[in-house]
Amino acid sequence: MVRSGPVPRHRPGDRRQPLPDRRRARRRGARLDPSARPERVRIRRSVGRAGPHPIDDEGRRPGAFALPPVSGLSRHQINNSEEESKVTDTTSKTTASAEAVATVAQVEHIDPSVIEFEANIRTDVQLDPAFVASIRAEGVLLPVLARRGDDGTVYVRDGQRRVLAAREAGTSTIPAYFGAGELTTAQRITQQLVTNDRRTDLTGTERVTAYEQLAFEGLSVAKIAKATGEDKATIEKSITVAKSTAAREALADTAVSLDRALLMAEFEADADALDALAEAREDELEHLAGELRHDAKVSAREEAVLGEYVGQGVAAVSTWPTGARRLHTLTDAADDADDRPGITDAQHAECPGRVVYVNVWGLDDGDQDTEEVCVQPELHHDRYRYSSGAQPKVKLADLPDDEAEARRAERRTLLANNKAWDAAEPVRREWIATLLTRKTLPKAAALFEAVTLTSYSYTVSNDRHTHTRAFLGLDPNGFGHDQIAKVATDTPTRAGHVVLATMLSARENHTSRESWRTPNAEDRDYLLQLQAWGYTLSAVERIAAGLNADDDQVESEDAAE
């Protein structure tokens, strides 16, 4: 049974007659002038299984709308005046109605629960939550392609995902486009191939730009997420990415993930960082980002130190100056003097060759070095011009080339791995905090706790909850054990999390740069346990864990689940 939706009222300026006049005109046998009717879509709603529908004088079912007349279709032109309201040719009208049935297309709103599906080449229909959520919020916006059988059953030829999603979302009606007519099997398969294969998804750039435009229109992140079925975190990332030229351009490549583009937006001003992000594997991004952020902080600290000297009117550089000499290798003593002390910083203060060399490699107090050097050593004398009792430091320049290069490489590795370890620490600790937000504890958590308490009891007693608060999402600067214990007493189901956080804090506190310099079993087993729970070890952490730094990561059981 067909039930028509609400009938729109007559509005001022509408060229159609008010509804009562139109009904009276029909009762008198007259029909309205089609040219006086605006060419716009009118939709009717049909609820329940639709049975056979009678055809009106214009070849339409009651309540349905008709698209503009098909080219070549003959229709009677009937004036809407009362004097010319009679139908002039019954035979012609019947012929026109038959033609209209075959050619007029229409859109109806149909209950998705009563729709049947025609045979479809797509056998695996996947409904992602975002798609269902968008239909729940906005309804089905694009009509499905349908036909009505002789018994009134509605069959959908194209749009089964929309129908199934509408059922799951609890949508009462969806728009269906009728007018395709019967197709042969070959025509149906061809049509389904074309409509599925020729669809092109939005590019990442188009998607984030659209989210940004919605934000410009005043929609909040929550409203955009509800309207599109996307999660709020993705919307926030997308809006951030849309503001970055480099990130938007990167998203044009479908292989670039939103997370990678987000990092490109963060480091847009650093060309080297962008190159590194473009070349990194997806599982390397988190650690690479940690290293880049650490490098940025180190660079900022270095710039601050340089700025202090420049503010005092002293030349300062962060790269070793060409031709510079250390002050302890120079003296102002005469060539024949027996006492040949090195030049002090105070003595060198007025030298025109004075330069301060600044070297910052970390964020700890001891991770920086400043040294006054002289870039005009000819203004002084060589302190070790001839042999004396003092033994000068061995210079790399005096060593064989291969030995000198080996020492330089060793020094470079030391600095690089120290920096990599410092960058990995916040990434690792943030991952642990996220792990402890899960409702269930990871596998073998009780075994890890038992081993820590028995084999490494000194480590536990030596730790003063250094990281426990941060791991549990508490104020990391808080004091007292009551704050930690309160988590368990207030929420007994979190007691296991408190115990695990305490053990993880002790083991984490035991790690340091020495973990990779001189690997030990305690830190090795700790890092391997984190990897088993799903953590991705960085290259320097793999060294500390006794693994090859270049080997691919093995997916953990927890991560796979």
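Among contacts in the chain between residues at least 6 apart in sequence, what percentage join residues at least 24 apart? The share is 67%, as computed from a predicted model, and the views below begin with the whole chain before turning to selected contacts.

**View 1. Overall view of the chain, with its 22 helices and 12 strands.** The chain shown in this predicted model has 561 residues, of which 37% count as buried. Its accessible surface comes to about 32,600 Å², and 51% of that surface belongs to carbon and sulfur atoms.

**View 2. Packing of helix α3 against helix α7.** Helix α3, spanning residues 129-138, packs with helix α7, spanning residues 221-228, at an angle of about 100°, and the two axes are 6 Å apart. An angle of 65 to 115 degrees counts as roughly perpendicular, and α3 and α7 are therefore described as roughly perpendicular to each other. On the α3 side, the residues that take part are Ala 130, Ala 133, Ser 134, Ala 137 and Glu 138, and these meet Lys 226, Ala 227 and Thr 228 of α7. Sorted by class, this contact of α3 with α7 has four nonpolar, two polar and two charged residues.

**View 3. The aromatic pair of Trp 320 and Tyr 357.** A search of the whole structure finds three aromatic pairs, including the one in this view, in which the ring centres of Trp 320 and Tyr 357 are 5.2 Å apart. The planes of these two rings stand at 75°, so the pair is edge-to-face, given that planes over 60 degrees apart are classed in that way. Trp 320 lies in the loop between β7 (316-317) and β8 (325-326), whereas Tyr 357 lies in strand β10 (residues 354-360), so the pair ties together parts that are 37 residues apart in sequence. Trp 320 has a relative accessibility of 34% and counts as partly exposed, while Tyr 357, at 16% relative accessibility, counts as buried, because the limit for buried is under 20%.

**View 4. The aromatic pair of Phe 448 and Trp 533.** Phe 448 and Trp 533 also form an edge-to-face pair, with 5.5 Å from centre to centre and 70° between the planes. The pair links distant parts of the chain, 85 residues apart: Phe 448 belongs to helix α14 (residues 445-455), and Trp 533 to the loop between α20 (521-532) and α21 (539-544). Phe 448 is buried, with a relative accessible area of 6%, and Trp 533 is buried as well, with a relative accessible area of 1%.

Definitions and conventions
Residues are numbered from 1 along each chain as its sequence is written. This is a predicted model: local features need pLDDT of at least 70, side-chain atom pairs count only at pLDDT 80 or more; totals for chains, interfaces and linings use all residues. Side-chain values use heavy atoms; hydrogens and water are left out. Axes are lines fitted to C-alpha atoms, for helices over the stretch in contact, and angles run from 0 to 180 degrees between N-to-C directions. Helices (H or I, at least four residues) and strands (E, at least two) are DSSP runs, numbered from the N terminus. Angles under 35 degrees count as roughly parallel, over 145 as roughly antiparallel, 65 to 115 as roughly perpendicular and the rest as oblique. Contact means heavy atoms within 4.5 Å. Ala, Val, Leu, Ile, Met, Phe, Trp, Tyr, Cys and Pro count as nonpolar, Asp, Glu, Lys and Arg as charged, and the others, Gly among them, as polar. Buried means under 20% relative accessible area, exposed over 50%, partly exposed in between (1.4 Å probe, protein chains only). Accessible areas come from the Shrake-Rupley method with a 1.4 Å probe; for residues, only the protein chains shown count as cover. Rings of Phe, Tyr and Trp (its six-membered ring) pair if their centres lie within 6.5 Å; planes under 30 degrees apart count as stacked, over 60 as edge-to-face and the rest as tilted.
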